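Open the model in your viewer and follow the stops below in order. Each stop names a selection and says what is there.

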Amino acid sequence: MSATETTTETVPVIEGPKQPDISYHPDEAKFRARTARRLAEDPTLPQRPLPEGFPPSVEGPGVWEGKDWTDESQWVYNLSDEQLQEVDRGLAHFESLDKPLGYITRDTFPLPTLSSELGKLAEVLYSGRGFFVLREIPIDKYSRRQLAIVYAGLSAHVGSERGRQDGTNAVLAHIKDLRVSHAHEKGGIGNAAYTTDKQVFHTDIGDLIALLGIQTSAYGGVSRLSSGGRVYNEIAKTRPDLITVLKDPWPLDRFGGDPPYIERPVLYNEDGHIVIQYSRRHFTGYGPQLRSPNIPPISEAQAEALDMVHFLAEKYSLGLNFQKGDIQYINSMGLLHARDGFTDEGEKTRHLVRLWLRNDELAWKTPKPLQGVWDKLYAVAPETQRFPLEPEIRRLATGGTK
Ligand SMILES: [Fe+2]
């Protein structure tokens with residue numbers, strides 16, 4: 001062997017860490033194989049202690065499994081004719097004030113008797129099971145603008161703070177398949193929310209999510225909820241090492257933003273509340289929006305933890321069927337949510353409208369690493385709030401999409 005050949009053979013190939021083999025759509029076989037591989041490398045992982053400040057398990061009404069719920073009457077609140085008349089009077093009152101929609105509050109959209117009922121339901125979000133459905137808003141009776149007023153008006157009695165959905169101060173977001181109507185979108189659609197694709201388990205930012213069903217799909221689109229506390233308990237019991245992984249910082253892709261990525265945990269224990277806060281696409285990319293190549297990859301341990309959260313959330317989830325005129329309210333700090341893929345046909349074109357809310361009197365303490373995001377989210381002055389009445393893709397202040 002010549003000296004030259006020896007040199008060539010011994011030059012070490014220096015490679016940085018690579019993004020694990022993981023995509024937006026969780027693959028159970030890959031997940032099982034990764035777990036087996038990691039445990040073979042280090043069989044002591046399941047014996048690691050829980051990180052400081054994280055309990056072996058959590059209890060309470062927010063910790064449940066899908067099978068604990070047997071009938072939708074347990075979570076559906078049916079609005080009576082009298083209550084709907086009260087809603088109409090609230091609408092008429094707000095319209096008589098001739099103010100921009102950002103001024104919709106409990107005071108400008110008064111609900112003399114329904115308000116206390118909605119207040120009790122808000123307590124269910126923060127101190128109970130974490131979700132409820134209000135049924136049903138007579139969608140076709142209202143103009144699109146009136147519907148926005150009714151929706152924001154009712155919701156103001158659940159959580160008075162409205163969050164901005166994007167960099168243009170829109171506080172309403174339309175969740176609809178926009179692939180055809182927005183085919184020109186530069187870089188394609190990087191969020192499953194604007195397609196008919198399955199949306200895997202995740203949480204939105206902010207405290208509360210409201211989703212109004214304007215129209216349902218022809219098939220599919222079941223909405224799934226899962227208790228973050230239940231998922232936590234199983235991981236803490238079987239793989240405490242992954243609790244450490246989840247509570248440590250993760251590199252979130254900002255898809256061309258500045259800075260290109262930020263770091264924060266996925267799991268928090270704040271004031272006795274277990275909070276899981278993440279969206280899988282920030283770690284895997286989605287569709288044409290691939291994970292940015294110039295940012296740190298996630299680790300194999302993080303990839304395993306990400307899948308474990310997903311598959312446990314799926315295992316213990318509850319499926320909810322959206323009806324036209326339903327408003328689904330969710331505590332996004334305590335629950336994960338997902339959506340099955342769906343098929344639209346003619347009139348049956350799934351169309352939801354989302355609000356992000358917060359009830360200041362009932363709110364949990366915001367985990368410190370999320371405080372900046374929350375502050376920005378809810379700091380949208382009434383005169384600047386936008387209520388887009390037709391679907392649009394959410395935009396960053398810089399013009400990019402999210
Ligand atoms: Fe979501």
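Start with tryptophan 75 and phenylalanine 131: both are buried (under 20% relative accessible area, with exposed over 50% and partly exposed in between; 1.4 Å probe, protein chains only). This is a predicted model, in which local features need pLDDT of at least 70, side-chain atom pairs count only at pLDDT 80 or more, and totals for chains, interfaces and linings use all residues. Residues are numbered from 1 along each chain as its sequence is written, and side-chain values use heavy atoms, leaving out hydrogens and water.

Next, select lysine 99 and tyrosine 103. The charged end of lysine 99 sits over the tyrosine 103 ring, 5.0 Å from its centre; the criterion is NZ of Lys or CZ of Arg within 6 Å of the ring centre and within 35 degrees of the ring normal. Arginine 350 likewise lies over the face of phenylalanine 342, 5.3 Å from the ring centre.

Finish at the iron ion. Its ligands are His202 (NE2), Asp204 (OD) and His337 (NE2), at 2.1 to 2.2 Å. Donors are N, O and S atoms within 2.8 Å of the metal (3.2 Å for Na, K and Ca); water is not among the atoms, so sites may look incomplete. Along the chain the donors of the iron ion follow the spacing H-x1-D-x132-H. Histidine 202 and aspartate 204 are buried.
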